[in-house]
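Subject: Structure for you to look at

Hello,

Here is the structure I promised to pass on. Please open it and keep it beside this email as you read.

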Amino acid sequence: MQRVIIFAALALIFVTVGTLAIAAETPSTPQISTTEMAQAEAEKTASEAHDALFTESKFPSATTCGTCHPKQFEEWAVSQHSYSQLSPAYMALQNFINIQVNGTNGDFCIRCHNQVGMAQGESTQISNLERQATSREGITCIVCHRVEHMYNKASGRFAVVEGDLLAPVFGPTGNEELQRVLADDKYRVVTKPDEVGRKIHTKVTKFAAISTSTFCATCHDVTLLNGFRLEEAFSEYRGSPAAKEGTTCQDCHMGKIQGIPSGYDFGPAAVVGGEPTKDRKLTNHIFAGPDYSLLPPGIFPHNAEAQKLATLTDWLTFNVAAGWGTDEFEDDVAEDFKFPAAWEAIDDRYDAREIIEYQLRRLEYMRGKRLEVLRNGYGLGDIVTESISADSIKFKVRVENLTKGHNVPTGFTGERLVWLRVTVTDSDGKVVFLSGDTDPNGDVRDNESSYVHAGEMPLDDQLFSLQSRFLVQSVRGGERERTVTIPYSTTALPFLRPTRLSLILTGESTVERNHRKGIETGGERWAKYVIDGSALTGKGPYKAKVEMLAQMFPINLINTIQVVGFDYGISPRAAADAVVAGREVLWQRQVVFDVK
């Protein structure tokens with residue numbers, strides 16, 4: 001219920017933003033006739049349709065694939081892969097980095113998030129509202145199934161094989177079942193461009209590499225051109241117990257249960273014209289992880305019916321929080337109430353509401369999968385009391401990495417926030433100790449909290465957090481923490497330059513590094529706490545509640561990158577509120593200290 005309210009509140013914010021954006025597009029030259037405006041709109045619509053058709057002839061969209069692969073589409077459509085390009089936080093971060101380094105980062109970030117857009121020559125900076133539909137799909141079907149070579153660690157720089165729907169795709173099993181389908185009249189398919197009927201790809205080329213962990217390394221091991229190792233998920237995996245046992249990334253992240261080897265589903269890989277193909281091993285394409293959507297539910301998850309009903313801009317103006325499309329609202333709405341043009345018809349509002357309710361159910365399901373993968377990665381172990389007296393209470397808490405495949409956190413560790421919140425109360429319920437609480441912005445009280453910087457809140461000197469720290473070298477020596485990994489430059493204009501030095505010995509950049517605080521596979525860390533006797537009230541026993549929390553990134557990141565603005569017109573405050581609302585408690589334990 002809480003998340004329904006969150007998305008409804010976000011939608012209300014977007015209503016105002018979306019309306020302003022539409023108003024800004026209204027021509028300010030009244031001499032243009034209605035006929036001319038209609039003609040211009042028709043030409044624009046025709047141009048967009050032509051562009052979409054041209055793109056589809058080279059890069060078929062996931063919606064097209066979903067016609068015969070509904071299971072895979074439904075899983076992918078709510079996944080982090082499908083959110084990769086839509087994310088307003090990622091877009092702002094990418095644009096911020098390029099501004100800071102005068103554009104020299106180029107397409108380094110977006111080429112992993114949006115291969116199709118980059119292959120088409122789209123700008124790295126434009127809004128997703130302006131991108132072609134397949135481009136907005138980010139890591140879409142063809143990004144994996146139209147790759148014909150093994151690229152290993154390429155930081156996203158690889159070629160997607162172009163071709164229309166009839167062109168070959170690449171998969172783990174080869175062509176045998178597809179040949180049977182093409183030869184069987186009950187599937188009613190056509191295989192030539194000029195034929196009318198249900199078109200499908202005409203060949204599956206066996207590409208065994210797609211089932212290996214090395215295939216994932218192409219985007220999940222990121223080294224900047226100056227040698228900085230930004231993400232090392234695959235490098236961690238290569239030396240892990242999972243790799244030694246022959247467990248692949250896919251075994252943990254595409255199986256029945258997210259985050260552990262759990263076997264695979266079994267069933268038809270496709271349903272063609274209502275007829276299923278033969279049963280086979282099925283991988284799960286939901287790819288749950290620590291991220292969650294900051295967008296209104298009309299836009300994400302991907303939904304073919306939502307795309308047919310309205311544009312992304314139109315969905316930004318649909319007021320979920322006000323109850324549009326519900327009997328409670330529609331029965332009492334004033335006759336002169338002004339709706340956006342896209343939602344003037346009551347039937348459209350009811351149709352939109354039905355889509356929204358379905359979307360919210362999908363998001364809640366994805367939340368469960370996100371918790372599943374996180375809880376399979378992080379463990380909250382024993383709470384050990386070291387000493388108890390009227391002078392102090394000392395105790396420690398064990399935090400464990402439950403995975404065999406990589407560190408936790410992994411990937412973009414400098415922005416992954418997993419921490420402990422410890423609350424100790426006396427017998428009257430008064431709080432005598434608190435660590436891991438957050439400031440009014442939603443940040444823990446660490447060095448990056450603006451409230452700590454301002455002296456309005458004290459530094460949490462007993463905070464236990466697994467967030468790694470990005471450190472950069474200043475021009476006069478020494479290091480400094482940075483929210484975003486951009487090193488200081490000795491020139492007036494900073495540039496991201498290729499390193500001139502060999503990295504064989506150091507293994508990473510000489511101007512910046514990642515001070516990693518995560519936990520290695522099978523490892524553990526102990527969080528140690530001391531409650532000074534001056535804080536004790538003498539009203540024992542004292543009860544400690546220990547919670548492990550996860551948040552996809554800290555709010556101070558939003559504070560840093562907000563100067564470039566957020567896509568869809570979302571405000572920094574709205575983005576921050578949505579990030580905090582998605583925070584999860586992974587585990588919770590209690591212990592009693594009986595002070596006599």
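Start with arginine 370. Leaving out residues up to four places away in sequence, arginine 370 touches Ala288, Gly289, Pro290, Asp291, Tyr292, Gly582 and Glu584. Contact here means heavy atoms within 4.5 Å. Arginine 370 sits in helix 19, residues 346–375. Helices (H or I, at least four residues) and strands (E, at least two) are DSSP runs, numbered from the N terminus. Arginine 370 counts as buried because its relative accessibility is 7%. Buried means under 20% relative accessible area, exposed over 50%, and partly exposed in between (1.4 Å probe, protein chains only).

A word on the source. This is a predicted model, where local features need pLDDT of at least 70 and side-chain atom pairs count only at pLDDT 80 or more, while totals for chains, interfaces and linings use all residues. Residues are numbered from 1 along each chain as its sequence is written, and side-chain values use heavy atoms, with hydrogens and water left out.

Next, histidine 406. It lies in the loop between strand 12 (392–401) and strand 13 (417–425). Its relative accessibility is 19%, so histidine 406 is buried. It touches Ala233, Glu236, His253, Asn401 and Thr521, again not counting residues up to four places away in sequence.

Now the salt bridges. Side chains of opposite charge can pair when their charged atoms come close. The rule used is a side-chain nitrogen of Lys or Arg within 4 Å of a carboxyl oxygen of Asp or Glu. How many salt bridges does this rule give? The count comes to 35.

- Glutamate 236 and arginine 516 meet at 2.2 Å, N to O. This pair links distant parts of the chain, 280 residues apart: glutamate 236 is in helix 13 (residues 233–238), and arginine 516 is in the loop between strand 17 (512–515) and strand 18 (524–532). Glutamate 236 is buried at 11%, whereas arginine 516 is partly exposed at 35%.
- Arginine 180 pairs with aspartate 184, with the closest N and O atoms 4.0 Å apart. Arginine 180 is partly exposed at 26%.
- Arginine 573 and aspartate 577 meet at 3.2 Å, N to O. They are four residues apart in helix 22 (residues 572–581), so about one helical turn separates them. Arginine 573 is partly exposed at 40%, and aspartate 577 is partly exposed at 42%.

One last item is a network. Salt bridges with shared partners join Arg229, Glu232, Glu236 and Arg516.

Best wishes
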